Structures are given as structure tokens and as C-alpha cells.
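User: I have a structure open here and want to go through it. Can you take my questions one at a time?
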Amino acid sequence: MTSVVRRAVQRSAMFVAALALVAVIWETYKALGPEEGGQLLGIRILPRTSEYAMPHVWDMFSRFGRPEVRGSARTVFDAVLAGAWYSFRLSVAGFVFGAVIGVGLAVLMARFKWVQRGVLPYLVVSQTVPLIALAPLIVSWGGKLEIGAFVWPRWMSVSVLGAFLAFFPIAVGTLRGLAAAPAASVELMQSYAASWTKTLFKLRFPTAVPYMVPAFRLGASASVIGVVVAEISTGLRGGIGRLIIEYAREATGDPAKVYTAIFGAAALGLVMAGAVVAVDVVVMRNRPKEAVV
Amino acid sequence: MTAVSVRNVSKVFNQGKPNQVDALSNVALDVKQGEFVSLIGPSGCGKSTLLRLVANLLEPTSGEVTVNGKTAAQARLDQDYGMAFQQAGLFDWRTVRKNIELPLELKGWDKQQRSARADEMLQLVQLPEFGDHYPWQLSGGMQQRIAIARALAAHPPLLLMDEPFGALDEMTREYMQGELLRICAATGTTVVFVTHSIPEAVYLSNRVVVMSPRPGRITKVVDVSLGGERNEDTRNRTAFFEAITAVREGLRGMHAAHVGLGNDDR
């Protein structure tokens with residue numbers, strides 16, 4: 001367990017160091033780069049370093065502590081936190097939905113080769129559809145859904161878009177994991193006359209775990225991206241996506257503000273992926289300590 | 001009574017295609033209850049295929065396989081045999097005890113019965129203190145003993161083994177051969193054993209079945225007259241070397257006079 005802790009500390013240290021490096025590069029360029037950007041043959045090839053284009057890193061962070069609008073008691077930090085919490089819940093809903101669909105599809109594809117041949121190409125194609133184009137469609141379809149007293153709320157459309165991005169890596173990774181059971185182990189289960197379902201739960205899923213964890217981690221961050229982009233393109237209120245557009249509109253007067261919302265979105269993705277990694281550590285604690293994937 | 005009966009069995013892979021393989025051609029073999037029979041031959045002679053036909057992991061193209069008087073398919077459904085492979089193939093995510101309990105779980109035994117049987121099997125393979133370890137914490141020889149314990153957990157009358165000691169070093173291998181004989185004597189299990197090693201086949205078996213490839217067929221059956229009690233001294237007895245010579249002769253299709261004794265036992 002101590003080695004696990006040591007590795008976690010090392011990784012966190014590397015993470016902080018990498019972040020600090022980005023900040024240093026940002027500030028160095030801001031200090032040395034041309035104020036109005038560099039132009040070559042009338043095309044700007046170097047970004048401007050003015051206060052409006054590149055606010056100081058410390059301005060971005062200090063903006064968290066100041067009021068969201070002049071005279072308000074609510075700080076930007078409170079607003080970003082509330083937005084991130086709202087988007088987090090939508091992302092979790094999207095992730096769970098995407099995981100159910102993804103694992104379900106993977107099981108069907110592993111069970112029936114014809115499903116795999118028929119469905120897998122469409123899964124790949126589905127990921128090439130731009131989310132921005134899809135978001136208004138899903139919202140308008142959702143708006144038409146009415147089952148008895150149930151009215152499809154707008155946030156659910158946003159979660160569905162998160163699920164739309166999350167299910168793909170989960171389906172592909174789980175499928176790969178389910179197919180990874182060694183031939184001898186499959187024969188062993190056959191020799192016990194174990195049914196396909198028994199083999200699935202006693203052999204294939206446990207074998208798939210090391211493949212599923214990275215897939216779920218990708219799915220978790222994909223869900224956050226889906227939700228944030230869908231919030232932006234549908235204009236759903238309450239989430240971090242909405243804050244990003246609102247703050248971006250104020251960029252001319254308050255350039256540091258939009259970065260607070262961007263940091264919020266990034267932190268959200270990290271929290272989601274981190275939760276999956278935590279589950280991984282618990283689930284894999286008794287497995288041999290070697291990389292499988 | 002006959003434990004395994006193979007009658008005029010042929011197996012063709014990819015029949016009618018350009019890559020057609022005649023894995024087995026007109027094979028007949030009877031294994032008596034309590035008998036230890038080894039299948040030996042070069043790669044591609046169909047010895048693993050024959051074992052898989054007995055296990056009903058493959059269906060014969062023609063001919064008939066019966067196990068304990070039942071069809072091979074029924075015997076598999078009834079779990080009348082246990083199986084062990086070259087790789088121990090223990091499940092990494094289960095403790096040693098849970099690995100041994102796997103076939104019992106699939107038979108629907110309750111927890112107490114399973115636990116009692118796992119204790120018994122751990123005693124049998126002389127690893128009682130390792131029940132709560134995980135397989136990857138054990139040496140290769142220990143893992144293979146657990147695999148044998150798993151194969152025998154449901155007390156099947158027949159044990160099918162596909163080069164189970166092939167991945168072990170020489171010392172561990174000879175030790176495991178002794179262990180296997182002790183376990184079989186204690187349980188009265190019939191064994192069909194696939195191997196590449198002539199001394200291993202002779203040391204373990206009542207009969208060694210020599211096979212040859214293209215197409216896979218039985219060319220010779222060597223009776224080993226070493227008696228029931230076998231120990232390390234057995235390996236130095238004249239009868240041991242005579243049986244080795246007979247098997248090698250069968251494998252090479254060569255007269256015994258051309259084969260030097262003891263210079264190439266492996």
C-alpha cells in the first residue's frame with residue numbers, strides 16, 4: 001500500500017510541476033512576445049500579448065476571489081463552483097447512461113458476431129458527427145417527448161449528449177477486454193459445461209477489468225466534454241458551459257474572468273477521471289502488479 | 001470397466017478447404033478405470049486433438065467417443081472429468097481457495113460444501129497454508145498443483161492433462177510427477193496425459209500411446225511393467241530404460257539396436 005501512496009504522491013507532484021511549467025511558459029511569452037503580435041506578410045503568426053489577449057496567470061486566479069459582478073456578494077469562485085457542481089451531476093448522469101449503453105453493446109457484440117459486424121462500423125461513424133450539430137437536434141427531439149405526465153427536461157438532452165461521447169470508448173474498450181480471455185481459460189469453462197452467461201461473469205468480465213478501466217476513464221472525461229459543449233450550444237443555464245459563454249462575452253472588459261470558468265471545466269474533467277482511477281485502485285488491489293494494456 | 005473408449009475416430013479440420021488438415025485418422029483406444037495412459041508424439045500428431053475429443057471440446061468428424069459409458073458430450077455436461085493445461089490458467093482475481101472452488105460453484109454447491117472440499121484439496125496437494133494467497137504470489141510448480149487440485153475438486157473419475165508440466169523446470173517437473181502419482185493413487189483417478197517427454201510418459205504411465213503425424217494416428221502402444229509403486233529409484237531400473245527404448249523406437253520407427261541407452265533421454 002505504501003508504494004501505491006508513494007506513486008500517487010509522485011504523480012501529483014509531476015502534475016503540479018507540469019502545470020507550473022505551463023504557467024511559466026505563458027508568462028515568459030507574455031513578457032518577451034510583441035504586444036500587438038508578430039506579423040509576417042500581413043498574417044499574424046504570433047499571438048498578441050496585451051492584457052486583453054493574455055491576462056497574467058495571477059490575475060486569472062485572483063479573479064476567483066473577487067465578486068462575479070460589481071457590487072455582488074457572490075464571488076466568481078462561488079459561481080464557478082456552483083456551475084461545476086451542476087455540470088458534474090449532468091456529466092455523471094451522462095457517464096452512467098453511456099456506460100450502460102457501452103457495456104450493453106459490448107456484451108451483445110461479444111456474444112453475436114453478426115451484431116459486431118453490423119454495429120461496430122456505425123459506432124465509429126457516430127463519433128464523426130459534430131456534437132455542435134447534434135445538440136440542437138437532440139434538444140428539439142427531447143422537447144417533443146411527452147410520456148404521460150413526464151416532460152423531457154432540457155438538462156436530460158445535455159446528459160444524453162454526454163452519454164453520446166462517453167459510450168464509444170467504453171463500448172470499444174469493454175469489447176476488447178471481453179475478447180481478451182485466454183483460449184485455455186475459455187476451454188476450461190467449456191470443460192465445466194458453463195453457459196455463456198456464467199462464462200461472461202466468472203471469466204470474461206474479470207479479464208476485461210484492466211481494459212475497461214482506461215476505457216471508463218476516457219468515457220468519464222468524454223462525458224464532461226459532451227456536457228460542457230452541449231451546454232454551450234443549447235445555452236442551458238446553470239452549468240459551467242453557460243458560464244464560459246457568459247464570461248467570454250465580458251472578455252473585452254474583464255479578460256481574466258473567462259479563464260476561471262475554463263479552469264472549472266478542466267477541474268471537473270479531472271475529478272471525473274480521478275473518481276474512475278480511485279475505483280481502479282480498489283478493484284485491482286489484488287491483481288498482479290504489471291501493466292496489462 | 002472402460003473409462004474412455006475411442007472407436008475409429010477421425011478428425012478433419014477445415015474439411016474441403018485448401019487448408020484441410022487430417023488431424024486424426026481412424027484412431028482406436030480404450031482406457032481402463034484407474035489406468036494412467038500417456039499420449040506421446042511429435043508436434044502435429046494429434047495428441048492434443050485426441051484429448052480434446054475425449055473432453056468434448058471438439059467433435060469427431062467420424063467415429064465415437066464414450067466416457068464412463070456415456071457419450072463424451074453427456075460426460076462433459078455431467079463434469080465427469082477434470083482438465084489441466086500447460087499453463088496453470090488460474091484466475092488472477094480469485095484466491096487459491098476460490099480457484100479450487102470454481103468447478104464446484106458452477107455445479108451449484110453451497111458455500112460450506114465448497115469450503116470443506118477446498119480444504120480437502122489443499123491438503124491433497126500439500127499446500128494447506130496457501131488458500132488465501134493469490135495465484136501470482138505462488139511459484140510455477142505450486143500454481144500447477146493448484147490447477148490439479150481444481151481439476152480434481154469435484155472428484156471426477158477421469159483427469160485429462162495436456163502437457164501440464166511442460167512449462168516447469170526439470171527438478172520441479174520430476175517432483176510434480178511424483179506428486180501426481182501420489183494424488184492419483186490416493187484418489188483412484190484415471191488419467192489421460194499428453195506429453196512431449198519420453199521419461200515422463202514412461203515414469204507415469206501404465207501404457208504409453210505413441211502417435212505419428214500426417215495424418216495423426218496411433219503407431220504403437222508400449223506397456224510399462226514397472227508395477228504400481230514408483231519412486232526415484234524407478235528411474236534407475238532396467239525396465240524403465242527398456243520402456244524408454246521401446247517408446248523411442250516407436251517414435252523414430254527405428255530398430256532398438258541403433259539407439260544408445262541413456263544418452264538422449266530427453
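This is a predicted model: local features need pLDDT of at least 70, side-chain atom pairs count only at pLDDT 80 or more; totals for chains, interfaces and linings use all residues.

User: How many bridges join E1(B) to E2(B)?
Analyst: Eight, with E1(B) covering residues 2-13. In that pairing, Ser5(B) stands opposite Asp30(B) of E2(B).

User: Switching to the interface. How much area is buried between chain B and chain A?
Analyst: About 1,900 Å², and carbon and sulfur atoms give 65% of that. On chain B, Trp93(B), Leu106(B) and Trp136(B) supply 32% of the area buried against chain A, more than any other three residues.

User: How many residues are in contact?
Analyst: 20 from chain B and 19 from chain A.

User: What about salt bridges across the interface?
Analyst: The rule finds two. Arg52(B) and Glu187(A) meet in a salt bridge through their side chains, at 2.6 Å from N to O.

User: Which element gives the largest share of the chain B side?
Analyst: H3(B), with four residues. Helix H2 (72-77), strand E6 (81-84) and helix H3 (96-107) of chain B each give two or more.

User: And what kinds of residues make up that side?
Analyst: Twelve nonpolar, two polar and six charged on the side of chain B that touches chain A.

Note on methods
Residues are numbered from 1 along each chain as its sequence is written. Chains are lettered from A and ligands numbered from 1 in the order in which they are written. Side-chain values use heavy atoms; hydrogens and water are left out. Two strands pair if DSSP finds at least two bridges between them. Contact means heavy atoms within 4.5 Å. Buried area is the accessible area (1.4 Å probe) that two parts lose on being put together, summed over both. A salt bridge is a side-chain nitrogen of Lys or Arg within 4 Å of a carboxyl oxygen of Asp or Glu. Ala, Val, Leu, Ile, Met, Phe, Trp, Tyr, Cys and Pro count as nonpolar, Asp, Glu, Lys and Arg as charged, and the others, Gly among them, as polar.
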